[in-house]
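This report describes selected features of the structure shown below.

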2 protein chains.
Amino acid sequence: MSKSLPSRSENYSEWYNELVKRADLAENSAVRGCMVIKPYGFSIWEKMQRALDDMFKETSHTNAYFPLFIPKSYLSKEASHVEGFAKECAVVTHYRLKNDPNGGGVIVDPEAKLEEELIVRPTSETVIWSTYKNWIQSYRDLPLLINQWANVVRWEMRTRLFLRTAEFLWQEGHTAHSSKQEAIEETEQMLEVYANFAENFMAVPVIKGIKTANERFAGAEETYCIEAMMQDGKALQAGTSHFLGQNFAKAFDVKFLNKENQQEFVWGTSWGVSTRLMGALIMAHSDDQGLVLPPKLAPIQVVIVPIFKGEEQLNNIKSKIDPIVKELRSKGVSVKFDTTDNQSPGFKFAEYELKGVPIRLAIGNRDIENGTIELARRDTKSKQSMPFEGIVDSVVNTLDEIQHAIYQKALDFRTENTHQVNTWEEFQIQIEKGGFISAHWDGTSETEEQIKELTKATIRCIPLDAKEEVGTCVYSGKPSGRRVIFARAY
Amino acid sequence: MSKSLPSRSENYSEWYNELVKRADLAENSAVRGCMVIKPYGFSIWEKMQRALDDMFKETSHTNAYFPLFIPKSYLSKEASHVEGFAKECAVVTHYRLKNDPNGGGVIVDPEAKLEEELIVRPTSETVIWSTYKNWIQSYRDLPLLINQWANVVRWEMRTRLFLRTAEFLWQEGHTAHSSKQEAIEETEQMLEVYANFAENFMAVPVIKGIKTANERFAGAEETYCIEAMMQDGKALQAGTSHFLGQNFAKAFDVKFLNKENQQEFVWGTSWGVSTRLMGALIMAHSDDQGLVLPPKLAPIQVVIVPIFKGEEQLNNIKSKIDPIVKELRSKGVSVKFDTTDNQSPGFKFAEYELKGVPIRLAIGNRDIENGTIELARRDTKSKQSMPFEGIVDSVVNTLDEIQHAIYQKALDFRTENTHQVNTWEEFQIQIEKGGFISAHWDGTSETEEQIKELTKATIRCIPLDAKEEVGTCVYSGKPSGRRVIFARAY
C-alpha cells in the first residue's frame, strides 16, 4: 500500500488533489488546464450522464449536436455574452501545418489563415440560436426542447481537476418557447431536475436559489442555481438554469408567428451541469481513507473479497459466492468478486476503500464453517458478521440505507454549518470559520462587491424558499426584505 | 406534403443530400464543414453508440476521456502520423479576444498568443500515448483497453453531411499490449466487433479486409477495415482497426518491464467508427420515398395512426390501442401513437415513410367493427389487413423479419454488383457500371496508383477470406497470388 492520503483537517486542498489522483479519477495532461479523465473517474461520470439523460428525456427533451466552433462574429452579437466570455476563449486562426522550409520543423502554414477566426465553444447559445432561426417559423414549431452533451473550453488561468479546467465535459440544454411564462416554467423545471439529481443520486443536499445580477450568466435575465456545501464549509455551484428572456432571439433575429398571426421574438432558456459535479461528489462525502460514493453512482457497488490459501479454499468459497454474485446482478447490483491472488486481503480492503466501493463482503474458511459472511460499510466503516443466508437481501437493503445515510450526514453537516448572522462584526468572525451565512443584504451590487472584497464571500443565492422577513443589511444597515446565502466558494 | 425527393436513379447524390435534410437528420452549420446533427438524426446515432458501447464493454474495454487539444510538438513525434494529418489541422494560436482600441469590434488579443500552438485533435494517438507512458511500468499494467467517445476535427475542403465533415463524432479505442500477438488479436477482435455491428444492427453486409500500404492509417503497421457497398455501387469504408506495432510506443518512449525483467516497447492498436456510419446507413437502404431504417436502430419502430373524425371515434380507437401500446413497450418495442389532429392520415403516412419508421399500423372505425388493423412495412411497402387479436406478436415478428430482409436485400445487391474481372479492358468497362471488382493485383503501389489515376478506382481491401489463387495482375500482367477488391469510393 502506498502512503496514506493527507488528512482533510491538515490540508483539505491537498487531500482533494491527492484523492483525485490516487483513486484514479483524473490527472493533468500535458496541455495546460486540460485534464485526462481516467477510466474509474469516467465510469462515475457515465453513471451521472445516464441518470441525467434519462431525466431530460422524461421531461420531453431530445439530444442533438451543434458545432464545436463558433465564428467570432457570432459571439459578439449578444453584448453581455461576449463581455462574459471574450477573456477566456481558445481561438482557431489557421487550418494547416507544414514543414518549415528553413528547417524549423513543423510550423503553422501562414498561407492557411482563416478569413474569420473561430472560437472553440465556451457555451453554445450563439451557434444554437443562429440555427434555431431556421427551425422556428410559427408557434407550431415551439417549444423546442433540446440538449447536447459536449466538451467546452474556457481558458482558465488557475485550474483544478474537475472543479475548474480549461476543457470540461457538460450538457447544455437550450430551449425555445412561445411565451415568457412557459420559458420561466422550463427554467424552474430544470432547476428541479438538477436538485433532484444532486439530492437523490449524488446524495448532496442543495439550496435552490436565484443568482444576484453580479453572478448572473452573461446573456441571461435570471440565473437559477443549486448550491452545495463541501466538507470545508465552502460552497460549490452545482448547476445553473438560465431564463434568457428574448436576448438571444433578438441577437439572432429569431421570431415566430403567434396564434394571433403576429411576429414575436422567441423566449429562451439554457441550463447546464458539468464534470464539476465530480468535484462536488468527491468533496461532499469522501474521508481520509478515500472516496465515499453514494451507491446510485458507484461503478462497483459491492466488492467481494475471498480470504483463502490455495486453489482448494478458493474453489470452496467460489462455489458459495458465485450464486450470490449472480443473484445480486439479477437485482441490478454491480458486483466485483475479486479472486486475484497477487495482493493480500488487507491491501485489497484499502484499495476498495480508496475507490469508495459502498459495501465490502469478506468471506473465509471460518465463515463458511459458521455460515457467516462479513459485511463492511464504506461510509460508516462499520463491520458486521452476518448470516450467509439472506445476504442478498441484506446487501440490497444496506445499499439503500447507505444512500440515505450519506445524504443525511451531508445535510446535518450543512445544518450545523449554516448560521444566521445579523451584525457585520459577527459576519467577519463567522466567515473565517467557514460554512454558509444567512444574512440580510440591501440588494445593491455595491454592497455585494464590498463584502466580497473584504471577506472573499459572495452571495451564493437568494434562496427560492427564503421567507419574507423585515431586517437590515448586515453590511450597510439599509432595509432588506429577506435573507440571502453568503459563503466563500469554489 | 412538400415536394418529393429527387429519385436515386436520376441523381443519387442530390437524393442523398435532400434526404438527410428532409428527414431531419443533419444540416450544414454556419461554420464551413461543420454539421448540426438534428434531434432525429442524433437519436439514431445514440442507438448506434449504445449498441457499440455495450459491445466494447463486453470485450473488456472501459471509457475514458483525453484532451481536445494536442501540443503541436506531439503531433510531430511520429513521422508518418504528422505527414498524414498536418495538411488538415485546426490550429489554436491565441486564448483571448478583446475590444479593438481602434473601434474594429472584437478582435483576437495579440498579447494572448500561445507559446506553443495547439492542434484540435484529428485523432488522439499522440496525446494518449504520451499519457500511457505514465500509466505503464510493467507487464502487470497491461493490457490497457480504453475507448473514448469524442469529437475530432480534420479540415476537409470538400465536405458532405455525415460522409466527410470537418468536425465529426466518433469513438476511438486505444489499447496497449505486452506482445505483438496479443495486439494483433485485439486489432482483429475489434474488426469483428465492427463487422458484427454493421451486419447485425445496421443490416449492412461488409467485407473484412486489410488496406494496402497506400491506404493505411498514418502511423499504423497494418490497417484492417470493413467495406460496404452503397446503392450506387460505390464503396464506403465503415470502420478501421489499426495494428500500430511499436510505432507510438517508440515515439513516446513507452516501455514496460516484461516477465523476464527486461524493458520492452509496448505494442499498440487503435480503432474507430464515426458519424460516417450514419451516411452508410442512409445510403445502403433508403429509397425514393425516404429513409429505410433497420428496426434495431430505428428511434421509432412502430407508429400507430388512428383514422378518425371527432373526439368520440378517437376515444373509441384509443381504448383499443392504449393496451397494445403498453404491451409493445413492455416487450421493448418503441411505439409512437400519433393522435394529433392537425394533419391528415395521408400526410402522416408520408411523413413516417420519410422518417423510415419500419412498421406503420393504421386503424379506423371499420377496422374496429371488423376486428382488424392494417400493418404496413416500410421496407417492402406492403400493406396487409391483420386480425387485431395477436397484433402484438405479429409486430414483434415482423420487426425481426424486416431486420433480416433489409440485410438480405443489401447482400443480394452486393452479390449482383460484384464482378470477377480478369482483363484490363473488362476492368475499364466494368468500373463505369459501378460495383465491386474482384481482380488480381501485382502488389505494388505503382500499379495501384496507376489504376486510381486512370479509373478513380482504389483498392478497398485485400479480403481476409481471399483464397489463394494463381493469376496475373489485371493491369500489369505480373503474377498475383489472390484477388483484391477494387471500387470507386466515398
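## Strands 13 and 16 of chain A

In this predicted model, A:Gly245 has A:Gly268 in strand 16 of chain A as its bridge partner. The two strands concerned are strand 13 (residues 235-245) and strand 16 (residues 267-274) of chain A, which run antiparallel and are joined by five bridges. In general, the strands of a sheet pair through backbone hydrogen bonds, in either a parallel or an antiparallel sense.

Which strands pair with strand 24 of chain A? One is strand 11 (residues 207-210) of chain A, which pairs with strand 24 in the antiparallel sense over two bridges. Here A:Gly209 has A:Pro463 of strand 24 as its bridge partner. Another is strand 27 (residues 483-487) of chain A, which runs antiparallel to strand 24 and is joined to it by three bridges. In that pairing, A:Cys461 stands opposite A:Ile485 of strand 27. Strand 24 (residues 458-463) of chain A is mostly covered, with six of its six residues buried.

## Chain A as a whole

Chain A contains 14 helices and 27 strands. Its C-alpha atoms fill a box of roughly 80 × 70 × 55 Å along the principal axes. Of the 490 residues in chain A, 59% are buried. Among contacts in chain A with a separation of 6 or more, 69% are between residues 24 or more positions apart.

The accessible surface of chain A amounts to about 20300 Å², and carbon and sulfur atoms contribute 46% of this area. Chain A carries 58 positive and 68 negative charges, whose mean positions are 2 Å apart.

## A lysine in helix 1 of chain A

A:Lys21 is located in helix 1 (residues 12-22) of chain A. Apart from neighbours within four places in sequence, A:Lys21 is in contact with A:Ala26 and A:Leu161. The C-alpha atoms of A:Lys21 and A:Lys208 are 31 Å apart in space, and these residues are 187 residues apart in sequence.

Strand 17 pairs with strand 18 (residues 335-337) of chain B in the parallel sense over three bridges. Within this pairing, B:Phe337 of strand 18 is the bridge partner of B:Ile304.

B:Arg360 is placed in strand 19 (residues 359-364) of chain B. B:Arg360 is buried, with a relative accessible area of 9%. When residues up to four places away in sequence are not counted, the residues touched by B:Arg360 include B:Val303, B:Val305, B:Glu353 and B:Glu374.

## Backbone features in loops

In chain A, the peptide bond from A:Leu142 to A:Pro143 is cis, with omega near -5°. A:Pro143 lies in the loop between helix 5 (125-135) and strand 9 (144-153) of chain A. In chain B, the bond from B:Leu142 to B:Pro143 is likewise cis, with omega near -5°, and B:Pro143 lies in the loop between helix 5 (125-135) and strand 9 (144-153) of chain B.

Positive phi values occur at residues other than glycine in chain B. B:Ala203 has phi near 60° and lies in the loop between helix 6 (180-200) and strand 11 (207-210) of chain B. B:Ala203 is buried, with a relative accessible area of 0%. Phi of B:Lys381 is also near 60°; this lysine lies in the loop between strand 20 (372-377) and strand 21 (383-387) of chain B. B:Lys381 is partly exposed, at a relative accessible area of 45%.

Notes: Residues numbered from 1 in each chain as written. Chains lettered and ligands numbered in written order. Predicted model: local features only at pLDDT ≥ 70, side-chain atom pairs only at ≥ 80, totals over all residues. Heavy atoms only, no water. Buried < 20%, exposed > 50% of the residue type's maximum accessible area, 1.4 Å probe, protein only. Helix = DSSP H or I, 4+ residues; strand = E, 2+ residues; numbered from the N terminus. Pairing = 2+ DSSP bridges. Contact = heavy atoms within 4.5 Å. Areas by Shrake-Rupley, 256 points an atom, 1.4 Å probe, with all protein chains shown as cover. Lys, Arg positive; Asp, Glu negative; His and termini not counted. Charge placed at Lys NZ, Arg CZ, Asp CG, Glu CD.
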